[in-house]
Amino acid sequence: MTTSNQITKKDLNKVFWRSFGLEWSWNYERQMNMSFAHALIPIIEKLYPLKTDRAVALKRHLEFFNTTPHLATLILGITASMEESNANNLDFDTESINNIKISLMGPLAGIGDSFIWGTLRIIATGIGISLANQGNILGPILFLLIFNIPAQGLRYYFMHAGYKLGSSFLTKIQESGLMSQITYAASVLGLAVIGGMTAENVAVNIPFAIGSGEAATTIGDICNNIMPGLLPLLFTFFVYYLLKKKNMKTTTLLLMCAVIGLAGAFFGILG
Amino acid sequence: MLQAILLGLISMLGNAEYLLGTSCLSRPLVMGALTGIVMGDIPTGVVLGATLELAFMGAFSIGASIPPEMISGTVLGTAFAISTGSGAETALTLAIPIASLVLVFKNLGMVFILPAFVHKADDYAEKGDLKGVSRMHYLGGFFGVNLIIGVVVAISFYVGSPAVQALLAVIPEWVQNGLQIAMGLLPAIGFGLLMQMIINKEVAPFFMLGYALSVYLNIPVTGIAIFGCIIAIVLAQLKGQPQMAYAGSEVDEDDDF
């Protein structure tokens, strides 16, 4: 409601520069979570003067995040616009912020990885190598320029385009009164995407063999015959159970994973 | 000694591409040239960089997969090749054990050091401390990954390839495998946290839908998002019609799962 709670172009530019470090603190547990929160901090600082509100917003953005880093500003921009609506509108469904983030990151990575890594990088590398093969220092220099000018240009464009897209979309939704449906749709889509990403990212295998000769099979194979990816699924549910019902700390879970991994390898049960 | 330190710093600069817009600084094409500058033979460095770039062509991070430790591979391979006056083949043979060693140390950092910063950031978030979260981001990446690569590269160059091979032989294989296994398990924590946040009775089955589409039909996440989007729109439209019989029972939709 107050004018100080409006995001300016300057704020978005701060987020743009901070987005350069999106993979700096990439970790196995939540991937780009710290760097996403770090990039969004200028927005959080501006929108939420109270420490308690900042705490809630920071925790929200310290959840799992991963996408093509150069194009992630699209999601950062949309998120900024949603945070703005959230700060200025008490009725805003806060849960939808993460739901929309989640439902966007997978598809953006799919398109982004093939464009940035599969196309742009290959073109830049091809030109770079052809010069570098002759010992010409222009090879690596041109390689960096051909890759980075479009990649970082898109990063900048998506920052502002994402914010504009998010703002105009949110205004329309609020006028039409469809917010609860959008929130519901976003959580359906978000969970389906999390399901797919869990299948792609979590890996557990038990190559422990039972039987001998022709009949020999591994526990992992038996599980995969019941359902492909059964073990990673069960492990994820187990972790979810420990988090939700046992309130286990993530530090404890992390140590548990390390111990399971090392012990599993030592006894040759896991692989 | 000075060269070893400089090579360590170059490796850290390469890894710092993740602070500098994922700008491809760590690619062999660039690292080879920079190593050439340190070793005083730029053209050879550039040519070896191009050769190694082709060898590492397939190595770039997509999703959760981490590329082989190509920074140390390129820097040390190129440096040894220039210092011994041998070609690219020798460079790779010398560099591979070192790259494996760096990978072990990097994995140790990824499993034991960096997560400590991630969890410390959670504590700062709890207090609403914006600067604290940013600090964890910077320090976590530096101590958890960047510094490790730099130090191992510098020491490896200083002691030479044979010494590194001897050290690598001492590290038992199960430690290396165990770290790999732990890395497959860790993402479950992140997804568990996400589910805890957004799951409720009404939408819980859609997690299984996404999982099943992936494991049975091998549909990539983009495809799952397209199917998910269609289902979400249809369901949201059905839900939006006030004459629907179940419209009155929507009160408990935020119940815990």
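## Chain A

Helices (H or I, at least four residues) and strands (E, at least two) are DSSP runs, numbered from the N terminus. On that basis chain A has 10 helices and two strands, arranged along the sequence as α-α-α-α-α-α-α-β-β-α-α-α. This is a predicted model, in which local features need pLDDT of at least 70, side-chain atom pairs count only at pLDDT 80 or more, and totals for chains, interfaces and linings use all residues. Residues are numbered from 1 along each chain as its sequence is written, while chains are lettered from A and ligands numbered from 1 in the order in which they are written.

Along the principal axes, the C-alpha atoms of chain A fill a box of roughly 75 × 60 × 30 Å. Of its 271 residues, 52% count as buried (20 or more other C-beta atoms within 10 Å of the residue's own, with C-beta atoms placed from the backbone). Two residues are in contact if their C-beta atoms, placed from the backbone, lie within 7 Å. Among the contacts in chain A with a separation of 6 or more, 69% are between residues 24 or more positions apart.

## Helix H4 of chain B

H4(B) covers residues 70-84. From first to last C-alpha, this 15-residue helix reaches 20 Å, close to the 21 Å expected (1.5 Å times one less than the number of residues). In H4(B), 13 of the 15 residues are buried. Gly85(B) follows the helix and has a positive phi, near 70°.

## Packing of H4(B) on H6(B)

The axes of H4(B) and H6(B) (residues 130-159) come within 11 Å and cross at roughly 25°; axes are lines fitted to C-alpha atoms over the stretch in contact, with angles from 0 to 180 degrees between N-to-C directions. The two helices are therefore roughly parallel to each other (angles under 35 degrees).

On the H4(B) side, Ile71(B), Ser72(B), Val75(B), Leu76(B) and Ala79(B) take part, meeting Ile149(B), Val152(B), Val153(B), Ser156(B) and Phe157(B) of H6(B).

Leaving out residues up to four places away in sequence, Val133(B) touches residues including Met34(A), Ile41(A), Leu58(A) and Tyr124(B).

The contact between the chains takes 91 residues from chain B and 102 residues from chain A. H11(B) gives the most to the side of chain B that touches chain A, with 13 residues.

How values were computed. Buried ≥ 20, exposed ≤ 12 C-beta atoms within 10 Å, placed from the backbone. Parallel < 35°, antiparallel > 145°, perpendicular 65-115°, else oblique.
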